[in-house]
Amino acid sequence: MATLAVFRSAGASLPRQSFPKCQMAFIQSRRNLSSYLVTPKELAEALKKSPPSPISPEPRVIPLCAAWFLPNDERKGIEVFREKRIPKARFFDLDKVIDKRSPYPHMLPSPKTFAEAMSSLGIRKDDTVVVYDSKELGIFSAPRVGWTLRVFGHPKVHILNNFKIWVEEGYPTESGELYSVECNPYPIPQLDESKVATFEQVREVALDHNKEGAEGVQIIDARPAGRFAGKDPEPREGLSSGHMPGSINIPFTAVLDPKTRAFLPKEQLRKLFEEKGVDPAKPIISTCGTGVTAVVIDTALEEAGYGTPETRRVFDGSWTEWAQRVNPSDSLIRKDE
């Protein structure tokens with residue numbers, strides 16, 4: 001069992017208490033959040049009941065900031081975290097908890113690297129983690145971090161929908177440097193490969209497009225329409241724009257409310273996917289530029305009831321890997337006329 005995380009300024013931890021089964025059931029039920037996406041009100045109430053105390057022997061609710069900006073943006077996630085955050089939140093660095101041996105950005109880390117990151121954040125395996133974005137962007141990178149936790153088997157993960165609304169509705173915030181927490185052992189997990197699509201698997205889907213007897217796997221691309229069409233350049237120099245054969249373009253911003261930058265209601269998401277011709281009965285692979293906003297689409301699909309955890313995957317390397325690895329002779333980069 002993982003040791004508990006404490007702030008370095010804190011004293012010794014309290015002994016673990018035992019409770020009757022009926023009382024334990026009550027404690028467990030009061031911590032359960034209603035769905036994968038949680039509202040600011042739900043998170044605020046959960047934090048009151050199960051605060052991220054360093055000395056608590058019981059499972060806690062941990063706010064986890066996943067703020068991240070594109071490389072060409074002068075803002076940095078760690079800077080906006082210092083400026084304004086949910087009290088007692090931890091910061092997950094999307095640029096550091098990655099596979100550093102890969103030539104492609106934001107590829108999933110190894111199980112050992114993931115466990116080390118969780119340990120350094122003072123997160124225990126039995127904690128409920130609620131991931132959130134910056135107030136500046138709204139929903140953007142938090143779904144990727146939430147998906148990463150799920151892929152590595154963390155049992156209780158949620159996404160705040162969203163921090164922009166949290167701030168606007170006056171829920172508590174704080175500022176300042178990172179909290180100093182004692183590391184605690186986090187067990188090295190196994191990667192759930194069923195949630196991840198590899199380059200080879202996506203290439204096979206693209207080659208099978210329109211062939212008789214093909215499985216009919218759908219690819220949804222979350223990039224802006226201009227890059228998908230091949231008319232606008234990719235942010236990374238030297239990388240061709242365009243799209244995979246048969247892929248469907250749904251820019252990730254289409255699943256968000258333009259004002260609040262939160263996910264649209266389920267009914268609107270269903271209508272959007274229906275209009276785009278997405279079949280909920282067929283497997284779906286979500287992709288984007290580097291595997292970040294693809295998970296915004298994957299989360300919206302989950303909310304809309306499109307597909308199941310067994311039939312939805314995310315292309316980890318996304319377009320950055322695709323455009324660098326496909327053979328020109330295969331005609332797997334298409335551009336609109």
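**View 1. Open sheet of five strands.** In this predicted model, five strands make up an open sheet in the order E6-E10-E9-E7-E8, with parallel pairing. Strand E6 (196-197) and strand E8 (248-249) are the edge strands, each pairing on one side only. Strands pair if DSSP finds at least two bridges between them; helices (H or I, at least four residues) and strands (E, at least two) are DSSP runs, numbered from the N terminus. Between E6 and E10 there are two bridges in the parallel sense. Ala 197 is placed opposite Phe 315 in E10.

View 2. Helix H11 (residues 318-325) is mostly covered, with six of its eight residues buried. Buried means under 20% relative accessible area, exposed over 50%, and partly exposed in between (1.4 Å probe, protein chains only). The buried residues of H11 are Ser 318, Trp 319, Thr 320, Glu 321, Trp 322 and Ala 323. Their cover includes helix H7 (199-207), strand E9 (284-287), helix H10 (294-304) and strand E10 (312-315).

**View 3. Packing of H7 and H11.** The axes of H7 and H11 are 11 Å apart, and the helices pack at an angle of about 70 degrees. H7 is therefore roughly perpendicular to H11, a term for angles of 65 to 115 degrees. Axes are lines fitted to C-alpha atoms, for helices over the stretch in contact, and angles run from 0 to 180 degrees between N-to-C directions. From H7, Phe 199, Glu 200, Val 202, Arg 203 and Ala 206 make the contact, and from H11, Glu 321, Trp 322 and Arg 325. Contact means heavy atoms within 4.5 Å.

**View 4. Ser 241 in its loop.** Ser 241 sits in the loop between helix H8 (225-229) and E8. Ser 241 counts as buried because its relative accessibility is 5%. Its side chain reaches the backbone oxygen of Asp 232 at 2.9 Å. Leaving out residues up to four places away in sequence, Ser 241 touches several residues, among them Arg 227, Asp 232, Trp 319 and Lys 335.

**View 5. Asp 99 in its loop.** Asp 99 is in the loop between strand E3 (90-91) and helix H4 (111-120). Its relative accessibility is 22%, so Asp 99 counts as partly exposed. Beyond its neighbours within four places in sequence, Asp 99 contacts Met 107, Leu 108 and Pro 109.

**Notes.** Residues are numbered from 1 along each chain as its sequence is written, and side-chain values use heavy atoms, with hydrogens and water left out. Because the model is predicted, local features need pLDDT of at least 70 and side-chain atom pairs count only at pLDDT 80 or more, while totals for chains, interfaces and linings use all residues.

How values were computed:
A polar contact is a pair of N or O atoms within 3.5 Å; within protein, one must be able to donate a hydrogen and the other to accept it, and residues adjacent in sequence count only if both atoms are side-chain atoms. Angles under 35 degrees count as roughly parallel, over 145 as roughly antiparallel, 65 to 115 as roughly perpendicular and the rest as oblique.
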